[in-house]
Amino acid sequence: MSLFARTGLDEHNRRVEWLVKTLFLLMTVLLIIPVALIMGILIQRGAPVLSWGFLTEVPTNGMTAGGIFTALIGTVWIVAVALLASVPIGVAAAVYLSEYAPDNWLTRAINLAIINLAGVPSIVHALFGLGAFVVFFGFGRSILAASLTLAVMTLPIVIVATRESLQAVPHAFREACWNMGATRWQTIRRVVLPNSISGILTGVILEVSRTAGETAPIMFTGAAAFLPFLPQGVLDQTMAMSLHLYVVSTQVPDVPDALPFGVALVLISMVLVMNATSIAFRIYLRNKRKW
Amino acid sequence: MVDNAPKLSVRNLSVRYGDKQALNGISLDVFPNEIFGIIGPANSGKTSFLRALNRMEEFDANMTVEGDILFEGQDITAIRNVYALRRKVGVVFPLPVGLPMSIYENVAFAPKLAGIKKKAELDEIVERCLIRAALWDEVKDRLDALGSLLSGGQQQRLTIARALSQNPELLLLDEFSIAVDPVTTMRIEDVLKELKEEITIVLVTNLVQQARRLADRTAFFLESELVETAETEELFSGVVKDQRTRDYVEGRFG
């Protein structure tokens, strides 16, 4: 028997090793199947309706013909206003929680509230938005009310992503700055924030996808099923891609089969383009700064 | 030893982290233009001592400090502008901390905080501090490179340059040579010998021989207490009062 001959136990371990690896690989492959199927079907069935006109014309004939221009621009409005509201608030809250807040019951209660906020179903946010922004604050059904509802819903994403990336900046950097006589804010502005910006952007990317795709929260608060014109300001109602998709898929008779697929394809492409831009920007930032 | 008023006077200083006593009733004086060595085994309270000098308890809710620390006769807890205090006190940590910004910005950071804006003035400070920290020749052609990507020894000299850029009157070094090769250590030690002409240095070290090479006087910390303070040469020649000190410097424990 040679020195390195395989024993029965080795043989058993080798089989288990192979089995585990194959199983995990299989699970990983399973993961991409839905994504590939969705994209494949959307492209196959939606691509025929895509044209320059589809993007730049308003819907006509009871939304069974024409384009999606008003919905497209409406979604851009809603996402932009929602980001304007939630990013400053979310980042400021995360900076406070990570850099200033003492560890006491109030801080722990706030952290718990953030986690719970993330778990609230979107239909509940919709009703909250209706009560708070549409009725109580009197914004009416408007872009502002819809965007603020979405902002509240997506705040936890920004806060959690920002806080995690702030805490990923080594504590030694902060101590070094403090020891040089820097205030907390000088330390945050000069050292901590510049080095966590890519993590914060990740949160914003996630938030954009969420905001662009949500339907329930905007349905009661500011998105209209059909409007023949573009919004002129944040107090106007608007069409939105997600609601438009819902409407042409389920509410309107005699819609051509390909139309909903075309709308879905454009919606997904919008999100992908926004994500790709932010990811490229993030990579650029990350290459500039490292430790 | 210098025979004027102490730069730093510590009376009955205690430091606690939560329930854990880190330093228990230390009293000592540090005089201008001396290198004051602090030796002692791990967990004897050396680092806590340095942290208290810079009022770091304000950034650590868990840390409590009792007793008096007088900086040039002034009680530091009474100093309203703690940032000015920290600017007068430079600190070098055990592990080098190159901030994730350019070498130039690393050294220009503190002067900028102090309100210096003119490029020419900043250039001059950066060059002077890097020269004094024995790093200038290695980095003068790449001041825009990231400070955090230098080698360990270079980063530690960068940290010293940064501490000097504050124009400190007191320089605290906490086991600065832990992550540094012997050649660099020797270069930094030479730098320190020159620096003491102008500033006062407190050198915490776990290398007994380093204290012997550099310190004018040396204090021995053990289990949160100050065992004794003596002229360094006395400490090493065995003319000490306490048996524990003799055992430690002769390597019988610690």
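What pattern does chain A follow when it is read along the sequence? Chain A runs α-α-β-β-α-α-α-α-α-α-α-α-α-α, where helices (H or I, at least four residues) and strands (E, at least two) are DSSP runs numbered from the N terminus. This is a predicted model, in which local features need pLDDT of at least 70 and side-chain atom pairs count only at pLDDT 80 or more, while totals for chains, interfaces and linings use all residues. Residues are numbered from 1 along each chain as its sequence is written, and chains are lettered from A and ligands numbered from 1 in the order in which they are written.

**Chain composition and dimensions**

- Chain A has 12 helices and two strands, and the secondary structure of chain B comes to 10 helices and 10 strands.
- Along the principal axes, the C-alpha atoms of chain A fill a box of roughly 80 × 65 × 35 Å.
- For chain B, the value of 18 Å agrees with that of a compact globule of 254 residues, which would be near 18 Å, and its C-alpha trace spans about 55 × 40 × 35 Å along its principal axes.

**Domains of chain A**

- Chain A is divided into domain 1 (8-49) and domain 2 (53-288), with bounds that come from an automatic or database domain assignment.
- The centres of domain 1 and domain 2 of chain A, taken over C-alpha atoms, are separated by 31 Å.
- Six residues of domain 1 of chain A are in contact with eight residues of domain 2 of chain A, contact meaning that the C-beta atoms of two residues, placed from the backbone, lie within 7 Å.
- The side of domain 1 of chain A that touches domain 2 of chain A has four nonpolar, one polar and one charged residues; Ala, Val, Leu, Ile, Met, Phe, Trp, Tyr, Cys and Pro count as nonpolar, Asp, Glu, Lys and Arg as charged, and the others, Gly among them, as polar.

**Helix packing in chain A**

- Helix 7 (residues 171-179) and helix 8 (residues 184-192) of chain A pack at an angle of about 130 degrees with their axes 10 Å apart, the axes being lines fitted to C-alpha atoms, for helices over the stretch in contact, and the angles running from 0 to 180 degrees between N-to-C directions.
- That angle makes helix 7 of chain A oblique to helix 8 of chain A, given that angles under 35 degrees count as roughly parallel, over 145 as roughly antiparallel, 65 to 115 as roughly perpendicular and the rest as oblique.
- A:Phe173, A:Arg174, A:Cys177 and A:Trp178 of helix 7 meet A:Thr187, A:Val191 and A:Val192 of helix 8, and by class this contact has five nonpolar, one polar and one charged residues.

**Helix packing in chain B**

- The axes of helix 4 (residues 119-132) and helix 6 (residues 152-165) of chain B come within 8 Å and cross at roughly 130 degrees, which makes helix 4 of chain B oblique to helix 6 of chain B.
- Helix 4 of chain B contributes B:Ile125, B:Cys129, B:Leu130 and B:Arg132 to the contact, and helix 6 of chain B contributes B:Ala161, B:Leu164 and B:Ser165.

**Interface between the chains**

- Between the chains, 18 residues of chain B are in contact with 17 residues of chain A.
- Helix 2 (82-88) and helix 3 (103-113) of chain B each supply at least two residues of the side of chain B that touches chain A, and helix 2 of chain B gives the most, with four residues.
- By class, that side of chain B has 13 nonpolar, three polar and two charged residues.

Conventions
The radius of gyration is taken over C-alpha atoms; the globule rule is 2.2 Å times the number of residues to the power 0.38.
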